[in-house]
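Here is a short tour of one fold, written for someone who likes cut-offs stated openly. Please take a look at the sequence and the model first.

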Amino acid sequence: MSGTAFETIAGLVHARAGIVLGADKSYMLDTRLGGLMREHALPDLDAVAAKLRGPASERLAAAVTEALTTNESFFFRDGKPFEHLRRVLPRLAATRPLGHRLRVLSAACSTGQEGYSVAMVADALGLASRLEVVGTDLSTDVVRRAREGVYSQFEVQRGLPVQMLVKHFKQEGTQWRISPAMRALARFETGNLLADLRPLGTFDVIFCRNVLIYFDASTKTRVLSALADRLAPDGVLYLGGAETVLGLTTRFASVEGERGVYALSHTPVLGSVSA
Ligand SMILES: C[S@@+](CC[C@H](N)C(=O)[O-])C[C@H]1O[C@@H](n2cnc3c(N)ncnc32)[C@H](O)[C@@H]1O
């Protein structure tokens, strides 16, 4: 692949998704884009880049971008945010009118495990009837899978406690389907974090985990600022283990003693909530 082809593809993915593809990632283009090259009868990456530079390339551009996202996810990923959520949801519920549904955003939701983990936490707390989860992701493929709510044996073995598997999933051959009750609590939509997030409304809790790591600093700042605009004044933001707001924005402050948990700056911090 020529340097120009790499620049074209990396530039496209950065412009469309905010994702930075360093030159050290050029090795993955062949593997990730192999299927698309066959589908579009393009012999190599130079031909892909040439087509992307030409007219009527929107469908290919979207497909290339999706193919270069990393979609790994699993139930109750990292554990701690969900332990914190277990303490925070009752407090948030108590401070909202009864008719208020607690709105949780799973931004960059991938195949839905994060959103369904939130639903299972709310169920365990007796708060399911007060919950609404909205999951959004750039990739139409993962959103379709999240909506289906069907997972392999391997996927349900990663992080999902067995009693939750038994309670909330039904076995279908070698697959496991999320229960209609949990499915009904979550809505999954395609959505780009670089787009206008205002139509999503306001959230009591935002999960935005393991996606900022793919962005450059200015994109991280832009996305964090848009999320701050979407968070209720006493709401909570969860970031991934390798992510932080430090050096990017002052709109969030970390919740003392709680790694990866943030509140809006200058608002009551929920870190003191006892177990
Ligand atoms: C590694 S997964 C994280 C899934 C989940 N949040 C978790 O922590 O398990 C990253 C996801 O971010 C999505 N993504 C990447 N760039 C995005 C963007 N600009 N807008 C929305 N989603 C994006 C990818 O499609 C992918 O599904």
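Two strands pair if DSSP finds at least two bridges between them, and strands themselves are DSSP runs (E, at least two residues), numbered from the N terminus. Strand β2 (residues 131-137) and β6 pair in the parallel sense over five bridges, and V134 stands opposite R187 in β6. This is a predicted model, where local features need pLDDT of at least 70, side-chain atom pairs count only at pLDDT 80 or more, and totals for chains, interfaces and linings use all residues. Residues are numbered from 1 along each chain as its sequence is written, and side-chain values use heavy atoms, with hydrogens and water left out.

Now for the whole sheet. Seven strands form an open sheet with mixed pairing, in the order β6-β2-β1-β7-β8-β10-β9. β6 (186-190) and β9 (252-254) stand at the edges with a single partner strand each, so one side of each is left without a neighbour in the sheet.

And the cysteines? The structure holds zero disulfides, a disulfide being a pair of cysteine sulfur atoms within 2.5 Å.

Terms used. Helices (H or I, at least four residues) and strands (E, at least two) are DSSP runs, numbered from the N terminus.
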